[in-house]
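Have a look at the model first.

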Amino acid sequence: QVQLVESGGGLVQAGGSLRLSCAASGSIFSINFMGWYRQAPGKQRELVATITSGGNTNYADSVKGRFAISRDNAKNTAYLQMNSLKPEDTAVYYCYALVALDYYSDYTSYWGQGTQVTVSS
């Protein structure tokens with residue numbers, strides 16, 4: 001089995017910064033995509049940013065220029081640096097990974113438990 005453990009959430013004032021981490025552990029052969037999604041109260045879960053094993057990134061328009069995703073493949077860990085935070089960034093942030101358990105298996109989606117990010121105005 002695979003576990004994704006997020007850390008780094010919290011309360012910050014508007015304009016501040018936070019750095020989220022997501023560590024994947026377990027029977028991992030390979031991780032393709034890693035990414036971050038978020039869900040605000042009463043809203044659907046939405047993509048924030050993704051990164052491939054080769055380092056290609058993709059961002060939601062709402063966070064471009066403010067957030068940066070990165071990963072350490074050796075540690076199976078992804079990071080989300082969030083700068084210039086706004087109250088509308090308040091949400092539960094979920095880590096996502098597309099993981100193969102061995103050479104012959106398909107990639108399977110895994111999710112973390114979520115970490116709360118609250119931005120006060």
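Strand S2 (residues 10-13) pairs with S11 in the parallel sense, over four bridges; strands here are DSSP runs of E with at least two residues, numbered from the N terminus, and two strands count as paired if DSSP finds at least two bridges between them. This is a predicted model, so to speak: local features need pLDDT of at least 70, side-chain atom pairs count only at pLDDT 80 or more, and totals for chains, interfaces and linings use all residues. Residues are numbered from 1 along each chain as its sequence is written, and side-chain values use heavy atoms, with hydrogens and water left out.

**Around S11**
- Gly10 stands opposite Val117 in S11.
- S11 also runs antiparallel to S9, joined to it by three bridges.
- Val117 turns up here too, as the bridge partner of Ala91.
- The covered face of S11 holds Thr115, Val117 and Val119, while Gln116, Thr118 and Ser120 make up the uncovered one.

**The four-stranded sheet**
- Another piece of the picture is an open sheet with antiparallel pairing and the strand order S1-S3-S8-S7.
- Strands S1 (2-7) and S7 (67-72) stand at the edges with a single partner strand each, so one side of each has no neighbour in the sheet.
- On average, neighbouring strands of this sheet are turned by 15° against each other, direction ignored (axes are lines fitted to C-alpha atoms, and angles run from 0 to 180 degrees between N-to-C directions).
- S1 pairs with strand S3 (residues 18-26) in the antiparallel sense over six bridges, and Ser7 has Ser21 in S3 as its bridge partner.

**The core**
- The largest nonpolar core has 31 residues, and Trp36, Leu80, Met82 and Tyr93 have the most contacts inside it (a core is a set of buried Ala, Val, Leu, Ile, Met, Phe, Trp, Tyr and Cys residues joined through side-chain atoms within 4.5 Å; buried means under 20% relative accessible area, exposed over 50%, with a 1.4 Å probe and protein chains only).
- Strands supplying at least two residues each include S4 (30-39), S5 (46-51) and S8 (77-82).
- S9 gives the largest share of this core, with five residues.

**The surface**
- Phe29, Tyr103 and Tyr104 make a nonpolar surface patch of about 480 Å² (patch residues have over 30% relative accessible area and no salt bridge, with nonpolar side chains joined within 5 Å; a salt bridge is a side-chain nitrogen of Lys or Arg within 4 Å of a carboxyl oxygen of Asp or Glu).
- Tyr104 lies in the loop between strand S9 (91-100) and strand S10 (108-111).
- Tyr104 is exposed, at a relative accessible area of 75%.

Methods: Patch = residues over 30% accessible without salt bridge, like charges linked within 9 Å, V, L, I, M, F, W, Y side chains within 5 Å. Areas by Shrake-Rupley, 256 points an atom, 1.4 Å probe, with all protein chains shown as cover.
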